Amino acid sequence: MILQALVKRYHMLVADPDSDMAPPHYSRDKVSFILVLNTAGEIVRVESIRYEDAKKKLRPAILTVPEHTARSGTGSKPYYLSDKAEYVLGLVKQKDGTLMVSKRFQSSRQLHLMLLKDKNGPEATALKNFYMNWNPETQLENSSLKAELDMILGTTDNNLAFQLEGYDLMHKSGELLEPWEQQDQSQDEESVILGSCLVTGETSVPIARVHDIKIKGVQNTNSAGASLVSFNFDATESYGKTQSYNAPVSQAAVSAYTKALNDLLSSQDNTLRHFGEMTVTYWAERQPDSDAWRLQEGIFSHWVEGEGFQSQDEGKEEETKTTAQIRDLLKRVQGGKAISQSLPNESNFYILGLSGNNARISVRYFWQGSFGDLLVNLNQYQEDLYLQRVGNQPEQIPGIFRIMLETVRKVTDFTAMKKSVSSSMESQWFRSMVEGRGFPYTVYASIVNRIRTDGIIHPFGENGRSAWIRASVIKGYLTRNERIRKQDKYKEALGMSVNKDAPQVSYRLGRLFAVLEKIQSDSANGRLNVTIKKSFFASAAATPGTVFPRLLKLSNSHLSKLSPNIEIWWNKLIREIMGEIRIDQHGGGIPKRLNLEEQGVFMLGYFQQMQDLYTSKSSEGTPVVNDKNNEGVDMNEHND
């Protein structure tokens, strides 16, 4: 199924004139330098075609050249018209900076002279003259090309291509490519094994002995690439068949799927940040005469990487047309509106997660379904996690990695935090988002325990965004858990903002704690060394029966420091929150313990009530920061 989808993508890309996909017998590979020759085969000059990336580091260009299949071992395997300096120039720079002659030049000379023996055009003549006259040994000392050779051999990415002065690059010449294509098609004709391809269903086609185009771009694999399909020990072979004949795939299908996968992994538009040890790539099925795939891939990327509730303020950056369309579609989905008919929901969408182990690649995750089904799951993900955030704060979907950071201890060393993130939890959360399954309990438990440890759940201040993300995860986990279990135990407490009618005791206790903390802050005009939150929050969430009687007694002392009218207002709010909870002076009616789900509800109640205490409603009903009774919180520190 995976290989079939990749082969299908390859053929659609080859048929697309705007695509850079290499056709059969060719590949997209690195080229750093061009050797410009004259008709005598002499090097006239060396041109660097490298470019600077965002970090000002020189990167090789990617060009379509005659196919580079896998090279392994100590033998020589030259490539045609484009190869490393070791093959083309026969020179290698050693660790001490001196040059050494490589015997691999001879294999490259033999290949080119053999293929071009019957070609006498100007480009073919120049290239044959180069290989007949170039002598690596004469370049070791006092070479006229010393500066050029130092530039080429001073980098590891030193693939070279050829050009006759006044002509285009040689690997674009029809005269030079003709013998390559004929040789490639007839290669190993005598030893080829015909059979039925498991991927395409074709019969009597040449079967690949090995899948010799390596996959590059997967984390924890060799720099030269790795194999997705391989048989290299006897235990995996059966019925007398060796190597990949045990799972017959045609040579054409091998070339197609490996090129398609390499193209995906090399594209920033089709790969996600690594989820632990898993590299994730994705693609939408292309339809004839439609660019809907661009929007589909863009929507998925925006969702996973953490954009989607609302777009950024207009004017902050120049948006491309596609980006603007993506943002418009996300807004429409958020508002429950139908999306454009030009976006075919029935087209297939694919998500592939790969893990590397040196020379091998294993499939960790694969999802295939209609884009419409995926959009439903993504929209449900948004609704489950959505939690109102007041002020001018953006309500973007928190990215998966940003959520995972809330499961580990906060330290100043970001690298240490990053390494502490559990790859297993991250991968499970990703699967839940894509498939609409229940969120992992481990993430929920980690965040609840983290709140109990560091107390970061206040909606404002320098950790306001962290608190909002934590509260969103709590709400999302419990909401989805109840829907899957077909329960409504916490239904009223799982709204987007505070629900003053929610009857859940744990939710009301969380709200009550927020009110008692605000009373303490107001009574001291915000000048407190230690608040009840720092001293009692963790124990109040876990064992409220032993904590709240003391907190209620303390609140009487705090209320006495306020004006009579304010004291009356606070007492009224406390009575409303207590509702039907019959709390006497000994704490009767308050649960002795709360389980982990109830602790999450307690924390959500605290977050929403505290947010409500610091906000009011404008005439349009939009939440705004309230400037009344806000001592103790720096309202200018909400942007994080």
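Here are some notes on the fold, the sheets, the core and a few individual residues of this predicted model.

1. **Ground rules.** Since this is a predicted model, local features need pLDDT of at least 70 and side-chain atom pairs count only at pLDDT 80 or more, while totals for chains, interfaces and linings use all residues. Residues are numbered from 1 along each chain as its sequence is written, and side-chain values use heavy atoms, with hydrogens and water left out.

2. **Overall make-up.** The protein has 20 helices and 17 strands; these are DSSP runs numbered from the N terminus (helices H or I, at least four residues; strands E, at least two). Buried residues are 51% of the 640 in the protein. Buried here is under 20% relative accessible area, exposed is over 50% and partly exposed is in between, with a 1.4 Å probe and protein chains only. Among contacts with a separation of 6 or more, 69% are between residues 24 or more positions apart, a contact being heavy atoms within 4.5 Å.

3. **The core.** The largest nonpolar core holds 95 residues, and Phe300, Ile351 and Phe430 touch the most other members. Helix α20 (residues 596-613) gives the largest share of this core, with nine residues. For the record, a nonpolar core is a set of buried Ala, Val, Leu, Ile, Met, Phe, Trp, Tyr and Cys residues joined through side-chain atoms within 4.5 Å.

4. **Phe430 up close.** Leaving aside neighbours within four places in sequence, the contacts of Phe430 include Phe300 and Ile351. Leu272, Phe275, Met278, Val280, Val304, Tyr365 and Ile400 are also in contact with Phe430.

5. **Helix α13.** Phe430 is among the buried residues of α13, as are Trp429, Met433 and Val434. The geometry checks out: the 13 residues of α13 (423-435) should span 18 Å at 1.5 Å a residue, and the end C-alpha atoms are 18 Å apart. The expected span is 1.5 Å times one less than the number of residues.

6. **The three-stranded sheet.** β13, β14 and β15 form an open antiparallel sheet in that order. β13 (279-284) and β15 (360-370) are the edges, each with a single partner strand, so one side of each has no neighbour in the sheet. From one strand to the next, the twist averages 15 degrees. Strands count as paired if DSSP finds at least two bridges between them; β14 (348-357) and β15 are joined by ten. In that pairing, Leu354 is opposite Val363 and Tyr350 has Gln368 as its bridge partner. The two strands form a hairpin with two residues between them, and Asn358 in the turn has a positive phi of about 60 degrees.

7. α1 (residues 2-15) lies across β13, β14 and β15 at about 55 degrees to β13. α13 also lies across β13, β14 and β15, at about 25 degrees to β15. Axes are lines fitted to C-alpha atoms, for helices over the stretch in contact, and angles run from 0 to 180 degrees between N-to-C directions.

8. **The four-stranded sheet.** This one is open and mixed, in the order β3-β2-β10-β7. β3 (43-48) and β7 (82-84) stand at the edges with a single partner strand each, so one side of each is left without a neighbour in the sheet. Here the twist averages 30 degrees from one strand to the next. Helix α4 (122-133) packs on the sheet, touching β2, β3 and β10 (159-164), and its direction makes about 130 degrees with that of β10. Five bridges join β2 (33-37) to β3 in antiparallel fashion, with Leu37 opposite Ile43.

9. **Two residues worth a click.** Arg104 lies in helix α3 (104-115) and, at 21% relative accessibility, counts as partly exposed. Its side chain makes a polar contact with that of Glu86 at 3.3 Å. Thr69, in the loop between β6 (61-66) and β7, counts as buried at 17%, and its side chain makes a polar contact with that of Lys77 at 2.7 Å. A polar contact is a pair of N or O atoms within 3.5 Å; within protein, one must be able to donate a hydrogen and the other to accept it, and residues adjacent in sequence count only if both atoms are side-chain atoms.
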